[in-house]
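These notebook entries record what I looked up in the structure shown below. I worked through the entries by topic.

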Amino acid sequence: MISVEEALDILKKNVLRSTIEEVDLSQALDLILAEDLTSPINMPPFDNSAMDGYALNMIQASTSFEIIGEIQAGSKGDITLESNQAVRIFTGALVPKTANTVIQQEWAKVEGNQLTFDREIETNKNIRREGEQIKAGAVAMKKGQLLNPAAIGFLAGLGIEKVNVYSSPKVAVYCTGDELIEAGNTLEPGQIYESNGKMLIASLAKYGFHNTSLHKLPDDFNLTYEALNKGIKENDIVLVSGGISVGDYDYVGKAFQKIGVEEVFYKVKQKPGKPLFAGNTKDTFVFGLPGNPASTLSCFYNFVLPYLNQFKGGAFKGLRKVNLTFDGEYSKKGERAEFLKAIANENSVSLLGHQSSAMLDSFAISNCLIYIDKDIIEVKNGDTVPVFLID
Ligand code: AMP
Ligand code: MG
């Protein structure tokens with residue numbers, strides 16, 4: 001059995017790469033830019049006012065100005081100012097070349113068309129200069145940038161309509177288990193409501209993976225083989241929940257073998273999630289996630305998420321890791337590393353109850369996982385512990 005660190009190391013080296021496609025900027029949220037983009041325009045495209053106020057042509061020590069008109073945002077602003085003339089102007093409006101400053105209206109005194117100020121004013125104020133954010137032809141955004149809302153806003157402001165991105169991976173989730181039924185049906189003895197599939201689809205969506213599908217499988221070798229064989233052909237990544245352990249009805253590993261999935265690793269020295277499987281065919285990566293719900297989710301955060309992030313053109317990064325002070329006492333039994341559901345405050349972190357891999361109630365209210373390395377036996381009050389934040 002390999003350690004968490006070894007498993008992550010091997011996984012990182014086996015990440016397949018997404019293809020590149022051109023998409024509308026409006027469809028690019030959460031994707032990663034696959035090209036350097038140059039700005040087609042100066043931004044801002046013209047000198048414009050940062051204030052509602054008055055644009056002036058001020059010569060030294062001017063005190064009084066004649067207001068000769070008005071320029072609102074969007075208008076051409078073709079007004080020529082002589083010295084000691086002013087024009088009423090609004091935020092975002094074009095500042096005429098003949099103005100050398102804008103003074104906010106709060107400082108102004110207007111009588112008829114005469115404008116004076118109750119304090120000293122200066123030239124070159126409150127004008128957002130053409131190209132001061134970026135010049136036409138300069139690199140606006142580099143390949144590898146995550147297209148977050150601000151990035152999309154910035155590119156939209158440059159008039160960019162389409163971008164080359166690494167395509168969003170197509171991910172299929174398969175839930176195995178004869179005991180699983182859908183909500184809305186009455187539980188018969190031996191049955192439980194299916195939850196891992198919904199949780200995995202939600203997890204994928206939360207991290208920006210929307211090209212997903214959810215399927216259910218009975219504990220039947222042939223049906224498992226056929227469905228997974230098709231799923232592997234049609235998807236970039238296949239996540240299977242359950243059926244990967246050593247029970248008589250765990251058919252997922254055998255189905256992977258028959259399909260020709262090459263094992264990247266199987267079984268990790270961790271709790272929860274020991275029977276985690278990772279493997280690939282030429283074009284598709286598969287994870288066999290242990291069926292216990294907390295194991296499934298823990299394996300998603302710690303293994304699947306970094307894989308997906310690198311696959312889509314980013315870094316091999318899952319949850320953000322910080323160091324916090326442990327509030328409590330904990331002794332670990334066994335030699336596996338542990339991911340423990342916990343609550344992090346600004347500086348400290350404390351454990352939650354119900355750490356069982358079959359339970360999700362504490363996971364639902366946790367905001368982080370404390371990582372206890374396999375070699376650590378005891379954690380004392382005040383010790384520094386690595387923590388993975390669930391935002
Ligand atoms: P398995 O890995 O198939 O042996 O399943 C381990 C445990 O997780 C069993 O108690 C299953 O009933 C439970 N389990 C497996 N899949 C799911 C699922 N999709 N939703 C809820 N519980 C599940
Ligand atoms: Mg099962």
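**Entry 1. Cis peptide bonds**

I began with P272, which is found in the loop between β20 (270-271) and β21 (277-280). Here helices (H or I, at least four residues) and strands (E, at least two) are DSSP runs, numbered from the N terminus. The peptide bond joining K271 to P272 is cis, with omega at about 0 degrees. I also noted a cis peptide bond from M43 to P44, where omega is near -5 degrees. P44 lies in the loop between β3 (37-38) and β4 (48-49).

**Entry 2. Basis of the model**

I recorded that this is a predicted model, in which local features need pLDDT of at least 70 and side-chain atom pairs count only at pLDDT 80 or more, while totals for chains, interfaces and linings use all residues. Residues are numbered from 1 along each chain as its sequence is written, chains are lettered from A and ligands numbered from 1 in the order in which they are written, and side-chain values use heavy atoms, with hydrogens and water left out.

**Entry 3. Domains**

I looked up the domain bounds, which come from an automatic or database domain assignment. That assignment gives domain 1 as 4-18 + 168-311 and domain 2 as 29-42 + 139-166. How far apart do the C-alpha centres of domain 1 and domain 3 lie? I read a separation of 65 Å between the centres of these two domains.

An N or O atom in the side chain of E194 is 2.8 Å from a nitrogen atom of ligand 1. S195 contributes a backbone N or O atom, 3.0 Å from a nitrogen atom of the ligand. At G243, a polar backbone atom is 2.9 Å from an oxygen atom of ligand 1. On its own the ligand has 490 Å² of accessible area, of which the protein covers 77%. Accessible areas come from the Shrake-Rupley method with a 1.4 Å probe; for residues, only the protein chains shown count as cover.

**Entry 4. Cysteines**

How many disulfides are there? With a disulfide taken as a pair of cysteine sulfur atoms within 2.5 Å, the count comes to 0. For C175, the nearest cysteine sulfur is that of C299, 14 Å away. C175 is buried, at a relative accessible area of 1%; buried means under 20%, exposed over 50%, and partly exposed in between (1.4 Å probe, protein chains only). C368 is likewise in no disulfide, and the sulfur of C299, its nearest, is 18 Å away. C368 counts as buried, at 0% relative accessibility.

**Entry 5. Selected serine and threonine sites**

I located S18 in the loop between α1 (4-13) and β1 (20-24). S18 is buried at 8% relative accessibility, and its side chain reaches the backbone oxygen of S167 at 2.5 Å.

S298 lies in helix α6 (residues 293-311) and is buried at 3% relative accessibility. Its C-alpha atom is separated by 9.0 Å from that of K271, 27 residues apart along the chain.

Is T63 buried or exposed? I found T63 exposed, with a relative accessible area of 56%, in the loop between β5 (53-56) and β6 (64-71). T63 and G242 are 179 residues apart along the chain, and their C-alpha atoms are separated by 80 Å.

**Entry 6. Positive phi**

N126 is not a glycine, yet has a positive phi of about 55 degrees. N126 sits in the loop between β10 (114-117) and β11 (127-128) and is partly exposed, at 23%. K267, also not a glycine, has a positive phi of about 80 degrees. K267 is in the loop between β19 (262-266) and β20, and is partly exposed at 26% relative accessibility.

Conventions:
A polar contact is a pair of N or O atoms within 3.5 Å; within protein, one must be able to donate a hydrogen and the other to accept it, and residues adjacent in sequence count only if both atoms are side-chain atoms.
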